[in-house]
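Subject: Structure for you to look through

Hello,

Here is the structure I said I would pass on. Please open it next to this email and follow the residues as they come up.

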Amino acid sequence: MNTRKWMLPSLLMTLVLLGGACGDDDDDPVAGQDGTTTTTEALPEFPAGSTMAKIQEKGKIVVGTKFNQLGSGIKNPATGELEGFDIEIAKLVAVGIFGGTVEEVEDKIEFKETITGVRESAIQIGDVDMIAATYTINDARKQQVDFAGPYVIDGQTVMVESDNTTIKALTDLNGKKVCTGRGSTTPANLTAKQIKPSELVLRDSYPECADELRQDRVEAVVSDRGILLGLVEQSQRAFKLLDIDVSEEPLGIGLKKGDDAFRDFINDRLEAIYESGEWAKAYEATYGKLGLATPQPPAVDRYPTTGTSTIKATTTVPASTTTTGGATTTTTTTTTSMANTTR
Amino acid sequence: MEVVLDNRDLFLAGMLTTVSLTLVSYAAAFVIGTVVAAFRVSPVPPLRAAGAVFVGAVRNTPLAVLMVLFFSGLGDAGILFTRYTSAVIVLSAYTGSFVAETIRSGINTVARGQGEAARSLGLTFPQVLRIVVLPQAFRTVVGPLGSIFVALIRNSALAALISVPELAGNAEQLLTDTAQPIPIFLGTAIAYMMLTLPSAWVVNLLEHRLAVKR
């Protein structure tokens, strides 16, 4: 449907405006996107012939990412700079290769736009060295590429009216009227969790779902956290998000299949930035500005090369430690449909 | 086409909603259209103006806009019609404006002298319309009224905008769930044709039976 074509841009615009608005109150945090981090790494040495050594020698790392997702990666229309959590993670990984500080490596990273459908092939043909683009780790993809991480857990959640006390858990949606976007993966996600709303209302945009909620035509809206956070802001807190995960998607860094040394290196690097607090700073500077509380970083999954292990990152993130939920703006599966219709 | 056959219940349910939306809305549109057409040819200026304003406003606004405006706008004002009722009201009003203009054109084909003759026999204006003019007017516009009916079947797809589970909306969600666009679009097109082609055929038949032979 045609409306889908303008839905994404308009949603993003909304989120950009809202993101700017709600970011005002925490302008002081530790690491800004332009990087106030002072952590300096010495120039590391790598075994000759390794991907890291080649990148270091080349003096440039090519990173695939998305340019249109607020929170994870979006091109700031004012500055032309990319901003977002995926971008910050890519910079921190690059510091591990080139040494120095986040600001110093910025010149050594070339970001290439990799929309959902082209990520595997971009890695396979060597167009990019690695991909940080809300890339959900799953077994089907592991047949084609390898993943370091996960470095964050993404997910969908539930929005209700602030004074709602009847819906507390996902199962409370059974027999309730629920609104979501037509063409989103939410219906499938709910079915997978065996949730049967009395009516599943499908609207063409999420502000329309917010209308439905305000007019009490539905009792809950289910979608990606980033989208719902924007609606909560817009409603002047007439709505709230619940601490519920409808779907959980571990996001990883994609790299060439079989390059175990590079994968181990990125996994080590991720653990190092978990440890140093740089991961948390990056989170605060990006998703934090959308109102997400910083969760515990997920444990990296060093799956065997056969690529068949299933990720159970949830076990390492106790739900109790995440106050408003520990995940990111968009589930990759939803992005698929959006990217396909907006291309 | 397997994905269509596997989900034939969804398609059938969608078709059923589409048919019911169409029939109910068309019946209402027919009444609205006749009344508005009568207004537009009446000798009372305020009625003529009201008819013209209704047709002008409704017929010149995109149906999608009317649909969402009526549903969400009235909802904001605290008037909550159900999705189905909202869709029927909007589809009837929109289609009614087209029916009105069609009937008015039919009325214009009836010779002026007939109305004048009827008035001189002592019939009131409503009687002239009901007994003399409208029966002839309808017969000349059976074809165009049929086209409006077929158009309504397709227009009813816009009820999906307010989440009425009709054919097109059901198909679109199925598309996301299965990611098989070609069979689903083909299946949807065929389902619509299963409704529109027989309708067109019936309209043709009626036209031959009822049309004024000249």
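Where in chain A is Asp216(A) found? Asp216(A) sits in the loop between helix H8 (206-214) and strand S10 (220-224) of chain A. Before the rest, some notes on how to read the model.

The model is predicted, so local features need pLDDT of at least 70 and side-chain atom pairs count only at pLDDT 80 or more, while totals for chains, interfaces and linings use all residues. Residues are numbered from 1 along each chain as its sequence is written, and chains are lettered from A and ligands numbered from 1 in the order in which they are written. Helices (H or I, at least four residues) and strands (E, at least two) are DSSP runs, numbered from the N terminus.

The two chains

Chain A has 12 helices and 12 strands. Chain B has 10 helices and 0 strands, and its pattern along the sequence is α-α-α-α-α-α-α-α-α-α.

A residue is buried if 20 or more other C-beta atoms lie within 10 Å of its own, exposed if 12 or fewer, and partly exposed in between, with C-beta atoms placed from the backbone. In chain A, 50% of the 343 residues count as buried. In chain B, buried residues make up 37% of the 214 residues.

Two residues are in contact if their C-beta atoms, placed from the backbone, lie within 7 Å. Of the contacts in chain A with a separation of 6 or more, 75% are between residues 24 or more positions apart. In chain B, 78% of the contacts between residues at least 6 apart in sequence join residues at least 24 apart.

Strands in chain A

Two strands pair if DSSP finds at least two bridges between them.

Strand S1 (residues 61-65) of chain A is mostly covered, with 4 of its 5 residues buried. S1(A) runs parallel to strand S5 (residues 109-113) of chain A, and 5 bridges join them. Within S5(A), Glu113(A) stands opposite Thr65(A). S1(A) also pairs in the parallel sense with strand S6 (residues 130-136) of chain A, over 2 bridges. Here Ile131(A) in S6(A) is the bridge partner of Gly64(A).

Strand S8 (residues 177-181) of chain A is mostly covered too: 4 of its 5 residues are buried. S8(A) pairs in the parallel sense with strand S9 (residues 199-203) of chain A over 5 bridges, and Cys179(A) stands opposite Val201(A) in S9(A). With S10(A), S8(A) pairs in the parallel sense over 2 bridges. The bridge partner of Val178(A) in S10(A) is Ala220(A).

Backbone points in chain A

Most residues other than glycine have a negative phi, and most peptide bonds are trans.

Asp216(A) is not a glycine, yet has a positive phi of about 60 degrees. Is Asp216(A) buried or exposed? Asp216(A) counts as exposed because it has 11 C-beta neighbours inside 10 Å.

Thr134(A), which lies in strand S6 of chain A, has a positive phi of about 35 degrees although it is not a glycine. Thr134(A) has 27 C-beta neighbours inside 10 Å and therefore counts as buried.

A cis peptide bond, with omega about 10 degrees, joins Gly149(A) and Pro150(A). Pro150(A) belongs to strand S7 (residues 145-161) of chain A.

Axes are lines fitted to C-alpha atoms, for helices over the stretch in contact, and angles run from 0 to 180 degrees between N-to-C directions. Angles under 35 degrees count as roughly parallel, over 145 as roughly antiparallel, 65 to 115 as roughly perpendicular and the rest as oblique.

Helix H8 (residues 142-155) of chain B and helix H10 (residues 181-210) of chain B pack at about 170 degrees, with their axes 9 Å apart. H8(B) is therefore roughly antiparallel to H10(B). The contact of H8(B) with H10(B) has 10 nonpolar, 4 polar and 2 charged residues. For these classes, Ala, Val, Leu, Ile, Met, Phe, Trp, Tyr, Cys and Pro count as nonpolar, Asp, Glu, Lys and Arg as charged, and the others, Gly among them, as polar. Residues of H8(B) in this contact include Phe149(B) and Ile153(B), and those of H10(B) include Leu195(B) and Val203(B).

The axes of helix H6 (residues 112-120) of chain B and helix H7 (residues 125-140) of chain B come within 10 Å and cross at roughly 135 degrees. H6(B) and H7(B) are therefore oblique to each other.

Regards
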